[in-house]
Amino acid sequence: MALRDIKPTRSELIALKRRIKLSERGYNILKMKRDGLILEFFKVLQQAKESRGALMERYTHAMEMIALAETVEGAIGVKAAAFSTADIPAISVKSKNIMGVVVPEIEASSVRKGVLDRGYGMLGTSAVIDEAAEAFEDLVEAIIEAAEIETTMKRLLDEIESTKRRVNALEFKVIPELTEARDFIKMRLDEMEREELFRLKKIKARSA
């Protein structure tokens with residue numbers, strides 16, 4: 001805001017005071033939002049660490065079980081059991097609100113199946129196939145959970161950055177410029193009042 005473009009009037013001073021008050025209120029609200037978002041982010045970050053750990057554990061276990069299944073049943077036997085599964089997992093994505101931030105809520109069905117629902121015959125396969133299938137069902141569930149948490153974390157982080165920029169703009173640009181303009185108008189009004197008083201004194205002295 002260029003000071004030379006400001007009209008030093010009382011109405012402009014009143015308007016500026018109102019804008020400063022609104023800006024300071026907005027600044028305080030945004031600061032509270034930013035701090036709240038940061039707290040939520042750290043909660044989700046902890047969940048993300050735990051989900052990543054669980055994901056890696058389940059991945060390692062699934063790889064061990066598939067290797068064991070291929071050793072017992074052979075690669076062709078494992079593939080045949082895998083292809084016999086007709087019912088694939090269904091994913092639905094809803095949304096929820098965290099302090100004004102819309103984040104996904106992922107739900108999956110048909111991930112975990114009973115032995116009879118996996119499609120392959122129980123008589124033609126060994127128990128190791130069932131254990132491998134269960135390990136991969138656990139892995140799929142872990143992937144879905146991790147995807148939800150990671151997306152939530154990213155969206156919270158984006159909102160924190162956006163809110164932080166707005167807080168900084170108000171703190172270091174908008175409010176200081178408005179305050180400077182207010183002080184300039186007050187100074188000019190005081191000067192004009194003194195000039196008017198001096199002029200009136202001169203007129204009075206001449207007429208005396």
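UniProt positions are given in the numbering used here, feature names are shortened, and annotations may be inferred rather than shown by experiment. With that in mind, the unreviewed UniProt entry lists residues 139-195 as "coiled-coil region". This is a predicted model, in which local features need pLDDT of at least 70, side-chain atom pairs count only at pLDDT 80 or more, and totals for chains, interfaces and linings use all residues. Residues are numbered from 1 along each chain as its sequence is written, and side-chain values use heavy atoms, with hydrogens and water left out.

Start with that listed stretch. Residues 139-195 are 100% helix and 0% strand. The end C-alpha atoms of the stretch lie 82 Å apart. Helices (H or I, at least four residues) and strands (E, at least two) are DSSP runs, numbered from the N terminus.

Now take helix H2, residues 127-207. The expected span of a helix is 1.5 Å times one less than its number of residues. Even so, H2 has a kink of about 40°, centred on Leu170. Such a bend is the angle between axes fitted to the seven residues ending at a residue and the seven starting there.

Helix H1 is another matter. A straight helix of 74 residues would span 110 Å at 1.5 Å a residue, but H1 spans only 81 Å between its end C-alpha atoms. H1 bends by about 110° at Glu73.

Next, look inside. A nonpolar core is a set of buried Ala, Val, Leu, Ile, Met, Phe, Trp, Tyr and Cys residues joined through side-chain atoms within 4.5 Å. Buried means under 20% relative accessible area, exposed over 50%, partly exposed in between (1.4 Å probe, protein chains only). The largest nonpolar core has 11 residues, among them Leu37, Phe41, Val44, Ile98 and Ile160. Helix H1 (10-83), strand S2 (101-109) and H2 each give two or more residues to this core. A second, separate core of 10 residues includes Met65 and Leu139.

Phe41 counts as buried because its relative accessibility is 14%. Leaving aside neighbours within four places in sequence, Ile160 is in contact (heavy atoms within 4.5 Å) with Leu37, Ile38 and Phe41.

Thr152 lies in helix H2. Its relative accessible area is 5%, so Thr152 is buried. Beyond neighbours within four places in sequence, Thr152 is in contact with Val44, Ile98, Val103 and Pro104.
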